[in-house]
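Please keep the sequence and the structure in view while reading.

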There are 2 protein chains.
Amino acid sequence: MALATKKGPSAKLRSAAFKRVRADHSAELAGDYVEMIADLIDERGEARCTDIAMRLGVANATVVKTLRRLQTAELVTQEPYRAIFLTAEGWKMAEDGRRKHALVEKFLLALGVSTETARIDSEGIEHHVSSETLRAMGKFLARHGS
Amino acid sequence: MALATKKGPSAKLRSAAFKRVRADHSAELAGDYVEMIADLIDERGEARCTDIAMRLGVANATVVKTLRRLQTAELVTQEPYRAIFLTAEGWKMAEDGRRKHALVEKFLLALGVSTETARIDSEGIEHHVSSETLRAMGKFLARHGS
DNA sequence: CATATAACTTAGCCTATGCTAAACTTTGGA
DNA sequence: TCCAAAGTTTAGCATAGGCTAAGTTATATG
């Protein structure tokens, strides 16, 4: 290779960021599901496949398949043809997600974006925000409005 | 259904956010690739599979397969066993990504997070930030630091 | 109490994104 | 000039996460 043989010392450091993003993505779906199941249980007393499918905007069969994975991961429990429940770990993950989600959304609002954009962007952003950034957002909220 | 028959008026609105997130994810990988190819071309004169694989932290074969998709999408061009080039559209996407990425990273720094965290988090966040939020970040930067 | 409808499940398909192992080109040196 | 090392590609596999269509179970109501 004639030109630019230098690999740069930071190849491994660079790749770490992308690895984190990929890892976040695998965890993301599980987080969205348990958060939504928790919301449904709180709002309406029970969580059903159909409601999840509707809110997520996917087909019913997709929800069923994903729920099987979540059962394997011990985040939810379910009997055939019955409502869906969260395990203790599932509730913990849901609570964490809610806290994070709420903070990011409030932060975006405080930054000056519209309600609608805050709602949509926070959904995408929440899973990629480290605890350090989350703390920084919290501090910002403490200084500036609500 | 005895309890809670009400579907809520916002099911479709809710699902829109998740649909956006899913759409973002499909576009994300393409964005990361073209941005990295652009960086490699600028830094070292050419972009090769091996360098992309190393920086991304994935196997070589994965890069090859993804590049085929990017060729189909007319974002890159490539002859067998040769370096990789961006099409005009590829360059445009790379530039957009860089601008967005740089802005998000600077914003996180201004918010008070460490260099390292800003680098890592911005990688995950950049693909989920709407133009409205981006503008809000820009305004914040104009007011506060750098 | 029988049955239609709504909800759930299964089966089978697809694409995206990863991997390893093996085969093939290029190319720099001996 | 020719060969070995480095880089590239192919082949084959796995998992995640989508879909539709067809079958099964629960239940609300006539």
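This is a predicted model: local features need pLDDT of at least 70, side-chain atom pairs count only at pLDDT 80 or more; totals for chains, interfaces and linings use all residues.

Which residue follows H1(A), and is its phi positive or negative? The residue is Gly45(A), and its phi is positive, near 90°.

## Helix H1 of chain A

Helix H1 of chain A covers residues 11-44, and its length can be checked against a simple expectation: at 1.5 Å a residue, its 34 residues should span 50 Å, and because the end C-alpha atoms lie 50 Å apart, the two values agree.

## Helix H1 of chain B

In chain B, helix H1 is likewise formed by residues 11-44, and the 34 residues, taken at 1.5 Å each, should span 50 Å, which agrees with the 50 Å that separates the end C-alpha atoms. A bend of about 30° occurs in H1(B) at Ala27(B), and just after the helix Gly45(B) adopts a positive phi of about 90°.

## Packing of H1 with H2 in chain A

Two packed helices are described by the angle between their axes and the distance between the axes. For H1(A) and H2(A), the latter made of residues 49-56, the angle is about 120° and the axes are 11 Å apart. Since angles of 65 to 115 degrees count as roughly perpendicular and those over 145 as roughly antiparallel, H1(A) is therefore oblique to H2(A), and the crossing of the two is right-handed.

On the side of H1(A), the contact is made by Tyr33(A), Met36(A), Ile37(A), Asp39(A), Leu40(A), Glu43(A) and Arg44(A), which meet Asp51(A), Ile52(A), Arg55(A) and Leu56(A) of H2(A). Sorted by class, this contact has 6 nonpolar and 5 charged residues, with no polar ones.

## Packing of H1 with H2 in chain B

H1(B) passes H2(B) in a right-handed crossing.

Here Tyr33(B), Met36(B), Ile37(B), Asp39(B), Leu40(B), Glu43(B) and Arg44(B) of H1(B) meet Asp51(B), Ile52(B), Arg55(B) and Leu56(B) of H2(B), and by class the contact has 6 nonpolar, no polar and 5 charged residues.

## Packing of H4 with H5 in chain A

Helix H4 (residues 88-111) and helix H5 (residues 115-125) of chain A pack at an angle of about 140°, with their axes 9 Å apart, and H4(A) and H5(A) are therefore oblique to each other. Their crossing is right-handed.

From H4(A), the residues His101(A), Val104(A), Glu105(A), Leu108(A) and Leu109(A) meet Thr115(A), Ala118(A), Arg119(A), Asp121(A), Ser122(A), Glu123(A) and Ile125(A) in H5(A). By class, this contact of H4(A) with H5(A) has 5 nonpolar, 3 polar and 4 charged residues.

Methods. Residues are numbered from 1 along each chain as its sequence is written. Chains are lettered from A and ligands numbered from 1 in the order in which they are written. Side-chain values use heavy atoms; hydrogens and water are left out. Axes are lines fitted to C-alpha atoms, for helices over the stretch in contact, and angles run from 0 to 180 degrees between N-to-C directions. Helices (H or I, at least four residues) and strands (E, at least two) are DSSP runs, numbered from the N terminus. Angles under 35 degrees count as roughly parallel, over 145 as roughly antiparallel, 65 to 115 as roughly perpendicular and the rest as oblique. A crossing is left-handed if the near helix is turned anticlockwise from the far one by less than a right angle, and right-handed if clockwise. Contact means heavy atoms within 4.5 Å. Ala, Val, Leu, Ile, Met, Phe, Trp, Tyr, Cys and Pro count as nonpolar, Asp, Glu, Lys and Arg as charged, and the others, Gly among them, as polar. The expected span of a helix is 1.5 Å times one less than its number of residues. The bend at a residue is the angle between axes fitted to the seven residues ending there and the seven starting there.
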